[in-house]
Amino acid sequence: MHSIQTKIVTALDMIESNGLVDLGCGLGDIGIILRKNNSKINYYGLDRKVNAIKAAEFISRHNNNKFSIGSFESLKLLDADDYNTLLVINLAHRHDSKSLVELIMSNISVNIRYLLIDAIHIEESHNYAHKHTANKLIDLGLKFKLISKVKNIDKYRDLFVFERESLNV
């Protein structure tokens with residue numbers, strides 16, 4: 001059985017990602033796996049929790065992963081040339097679909113080409129406040145198309161991999 005993080009890194013290998021912004025990164029597990037796999041993908045972790053960022057910086061002190069305190073609004077401040085992929089996992093379910101689309105579309109740079117979002121796929125997942133479908137997000141104005149779906153990243157969730165329809169949006 002592969003970990004959620006390993007499945008996400010596998011999904012990243014299927015796209016042309018040059019850099020990943022991990023929104024709600026926690027301890028930066030995705031970045032650690034990227035480094036262990038000798039990936040050339042730049043990694044930038046954002047989290048609102050100060051202690052999570054301090055711990056992530058300590059854990060990743062011997063690699064080139066970067067971290068800072070922040071959330072959706074912080075996306076505007078990143079060097080857009082270094083990152084073309086946004087990962088929103090766990091954090092997505094704190095927002096209803098309309099709010100999530102608005103937060104993403106109003107804060108990402110034009111260079112973000114790929115978007116990875118986890119989606120709840122069964123009803124017994126009562127711990128999640130909001131459940132999103134790819135079609136619903138697109139219907140609400142997400143200017144990306146679904147290019148891949150990684151099923152069962154855990155018991156309750158799938159991973160949607162989107163590509164921006166046009167980088168001029």
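Is Phe160 buried or exposed? With a relative accessible area of 6%, Phe160 is buried; here buried means under 20% relative accessible area, exposed over 50%, and partly exposed in between, computed with a 1.4 Å probe on protein chains only. Before going further, a word on the model: it is predicted, so local features need pLDDT of at least 70 and side-chain atom pairs count only at pLDDT 80 or more, while totals for chains, interfaces and linings use all residues. Residues are numbered from 1 along each chain as its sequence is written, and side-chain values use heavy atoms, with hydrogens and water left out.

Phe160 sits in strand β7 (residues 157-164). Helices (H or I, at least four residues) and strands (E, at least two) are DSSP runs, numbered from the N terminus. Setting aside neighbours within four places in sequence, Phe160 is in contact with Leu115, Leu116, Ile117, Ala119, His132, Thr133, Ala134, Leu146, Ser148 and Lys149, where contact means heavy atoms within 4.5 Å.

## Helix α4 and its buried face

Helix α4 spans residues 97-107, and Ser97, Leu100, Val101, Leu103, Ile104 and Asn107 are buried in it. Looking down the axis of α4, you will find these buried residues within an arc of 165°, so they line one face of the helix; the arc is that of the directions from the helix axis to the C-beta atoms. The cover over the buried residues of α4 includes β4 (85-88), β5 (114-120) and α5 (134-139).

At the N-terminal end, Asp96 caps α4, with a side-chain oxygen 3.1 Å from the backbone nitrogen of Lys98. A polar contact is a pair of N or O atoms within 3.5 Å; within protein, one must be able to donate a hydrogen and the other to accept it, and residues adjacent in sequence count only if both atoms are side-chain atoms. Ser97, also in α4, counts as buried at 5% relative accessibility. Leaving out neighbours within four places in sequence, Ser97 is in contact with Lys131, His132, Lys136, Leu137 and Leu140.

Which residues of α3 are buried? They are Ala52, Ile53 and Ala56. These residues cover an arc of only 95° around the axis, which puts them on the same side of α3. What covers them includes β2 and β3 (66-69).

On the other side of α3, Asn51, Lys54 and Phe58 are exposed. Asn51, which belongs to this helix (residues 50-59), has a relative accessible area of 63%. Asn51 and Gly26 are 25 residues apart in sequence and 9.1 Å apart in space, C-alpha to C-alpha.

## The largest pocket

The largest pocket has a volume of about 380 Å³. On a 1 Å grid over the protein atoms alone, a pocket is an open set of points with protein on both sides within 12 Å along at least five of seven lines, a cavity is a set of points where a 1.4 Å probe fits but cannot get out, and lining residues have an atom within 4 Å of a point. Grid points are joined across faces, edges and corners, and a volume is the space filled by probe spheres set on the points.

The lining of this pocket consists of 23 residues, and Gly24, Cys25, Gly26, Ile89 and Asn90 lie nearest its centre. The elements giving two or more residues to the lining are α1 (4-13), β1 (19-23), α2 (29-36) and β2 (42-47), with the largest share, three residues, coming from α1. By class, the lining has nine nonpolar, seven polar and seven charged residues; Ala, Val, Leu, Ile, Met, Phe, Trp, Tyr, Cys and Pro count as nonpolar, Asp, Glu, Lys and Arg as charged, and the others, Gly among them, as polar.

## The cavity

The structure holds one cavity of 30 Å³ or more. About 70 Å³ of space lies in the largest cavity, which is lined by Val21, Leu75, Leu78, Asp79, Ala80, Tyr83, Ile108, Ser109 and Ile112. Its lining divides into seven nonpolar, one polar and one charged residues.

## Two asparagines with positive phi

Most residues other than glycine have a negative phi. Asn38, in the loop between α2 and β2, has a positive phi of about 55° and is exposed at 61% relative accessibility. Asn152, in the loop between β6 (144-150) and β7, has a positive phi near 55° and is partly exposed, with a relative accessible area of 40%.
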